[in-house]
Amino acid sequence: NKLSIQKIKPPKAPKTSLSPKHKYYKEINEVIAEHIKYAAKLDIDNTWELIHDEGEMKVFKREMEEDGMVVDPLKAVHTVKGITGHEVCHYFWNPDVRMEWEGTLESAQVLDWFSEDTCVCYQIHKKVWPTTQREALFWTQIRHVPNEDEDEDGPDYWIVCNYSIPDHDKCPEKTKNIRAIMNVAMICETVVEPPQSDRNITRENITCKIQYHANVNPGGWAPASVLRAVYKREYPKFLKRFTQYVMDQTKDKPIMF
Ligand code: 6CM
């Protein structure tokens, strides 16, 4: 009948170009759904300890240990004017530009492409005295998560997730490094204010609301105090440097919604 026809919405663009038959398809969807769920709740209560507060940027952690290793979950929120969530995610995900903003890396390489939006990266982090150097092997995916609400008022996110995998046939074996395990996500929402027709929107009218989640297991012994000191210093530094990088890269470019 007429009523039910009006309710049918046009099909949304595919959320990922990764084939449902891919062996990582299920894992990727589940991991991303979990990050979106937590981002939507934004449940920063008093179980989260504020470790850095600078303007719009706030970085929180929860002290946690597993088998004597520091695995403190970290969460950060930031609000940046003049850039969109798509832009933030694009530069965070794009492996071609990672070395331009990532200050903790010694090297990074792409080992495989699962699809246009998903690849496998292998990277070696800078050594932190006195610990053994860390490396990481992970899939990284960028995707748009359209608002699923009936009333169209719900948020519309862009997300990048970096998630460790146990192995890959192109990954160097038996290196001198310790393999860190991570589950990291950058989740962004773009706010347009004041709302106006698409044509007149300038960078003055847009703000990006960022949430960043990091769950990192160092994968082997490292002194807790050193690790916590490095995290406390490096995560805020990363957020500042990276968002500045996105502002610099985009200021003279058309807005990427
Ligand atoms: O999310 C960030 N970067 C992504 C791309 O590289 C990726 C990395 C996650 C960090 C995984 C940490 C591995 C072990 C840490 C070793 C210590 C390195 C510190 C070196 C200091 C000179 O998701 C931004 C990551 C910001 C890291 C603090």
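**Close-up 1. Lining of the largest cavity in the predicted model.** Helix α5 gives the most to the lining of the largest cavity, with four residues. The model is predicted: local features need pLDDT of at least 70 and side-chain atom pairs count only at pLDDT 80 or more, while totals for chains, interfaces and linings use all residues. Residues are numbered from 1 along each chain as its sequence is written, and side-chain values use heavy atoms, with hydrogens and water left out. The lining consists of Trp101, Glu102, Gly103, Thr104, Glu234, Lys237, Phe238 and Arg241. By class, two of these residues are nonpolar, two polar and four charged (nonpolar: Ala, Val, Leu, Ile, Met, Phe, Trp, Tyr, Cys and Pro; charged: Asp, Glu, Lys and Arg; polar: the others, Gly among them). The volume is about 60 Å³, and a search of the whole structure finds one cavity of 30 Å³ or more. On a 1 Å grid over the protein atoms alone, a cavity is a set of points where a 1.4 Å probe fits but cannot get out; a pocket is an open set with protein on both sides within 12 Å along at least five of seven lines; lining residues have an atom within 4 Å of a point. Grid points are joined across faces, edges and corners, and a volume is the space filled by probe spheres set on the points. Helices (H or I, at least four residues) and strands (E, at least two) are DSSP runs, numbered from the N terminus.

**Close-up 2. The largest pocket.** The largest pocket has a volume of about 730 Å³. It is lined by 32 residues, of which Glu102, Thr104, His125, Tyr231 and Tyr235 are the closest to its centre. At least two lining residues come from each of α4 (98–101), β7 (118–125), β8 (134–145), β11 (181–192), β12 (206–217) and α5 (224–250). Helix α5 contributes the most, with seven residues. The lining holds 17 nonpolar, eight polar and seven charged residues.

**Close-up 3. The second largest pocket.** Of its 23 lining residues, His35, Pro73, Asn183, Ala214 and Asn215 are the closest to the centre. Elements that each supply at least two lining residues are α2 (25–41), β5 (74–81), β9 (157–164), β11 and β12. Strand β12 has the largest share, five residues. In this lining 12 residues are nonpolar, six polar and five charged.

**Close-up 4. Aromatic pair of Phe92 and Tyr212.** Across the whole structure, 14 aromatic pairs are found. Phe92 and Tyr212 form an edge-to-face pair, with 6.3 Å from centre to centre and 90° between the planes. Phe92 lies in helix α3 (residues 85–93) and Tyr212 in strand β12, so the pair ties together parts that are 120 residues apart in sequence. Rings of Phe, Tyr and Trp (its six-membered ring) pair if their centres lie within 6.5 Å; planes under 30 degrees apart count as stacked, over 60 as edge-to-face and the rest as tilted. Phe92 is buried at 4% relative accessibility, and Tyr212 is buried at 6% (buried: under 20% relative accessible area; exposed: over 50%; partly exposed: in between; 1.4 Å probe, protein chains only). One aromatic cluster is formed by Phe92, Trp101, Tyr212, Tyr231, Tyr235, Phe238 and Phe242.

**Close-up 5. Cysteines without a disulfide.** The structure holds zero disulfides (a disulfide is a pair of cysteine sulfur atoms within 2.5 Å). The closest cysteine sulfur to that of Cys89 belongs to Cys188, at 3.9 Å, which is too far for a bond. Cys89 is buried, with 0% relative accessibility. For Cys119 the closest cysteine sulfur is in Cys121, also too far for a bond at 3.9 Å. Cys119 is buried, with a relative accessible area of 0%.

**Close-up 6. Surroundings of Ala180.** Ala180 sits in the loop between β10 (178–179) and β11. Its relative accessibility is 11%, so Ala180 counts as buried. Not counting residues up to four places away in sequence, Ala180 touches Arg134, Glu135, Ala136, Ser164, Asn217, Pro218 and Gly219 (contact means heavy atoms within 4.5 Å). The C-alpha atoms of Ala180 and His125 are separated by 9.7 Å, and these residues are 55 apart along the chain.

**Close-up 7. Surroundings of Arg228.** Arg228 is in helix α5. With a relative accessible area of 15%, Arg228 is buried. Leaving aside neighbours within four places in sequence, Arg228 is in contact with Lys61, Glu63, Met64, Glu65, Val70 and Asp72.
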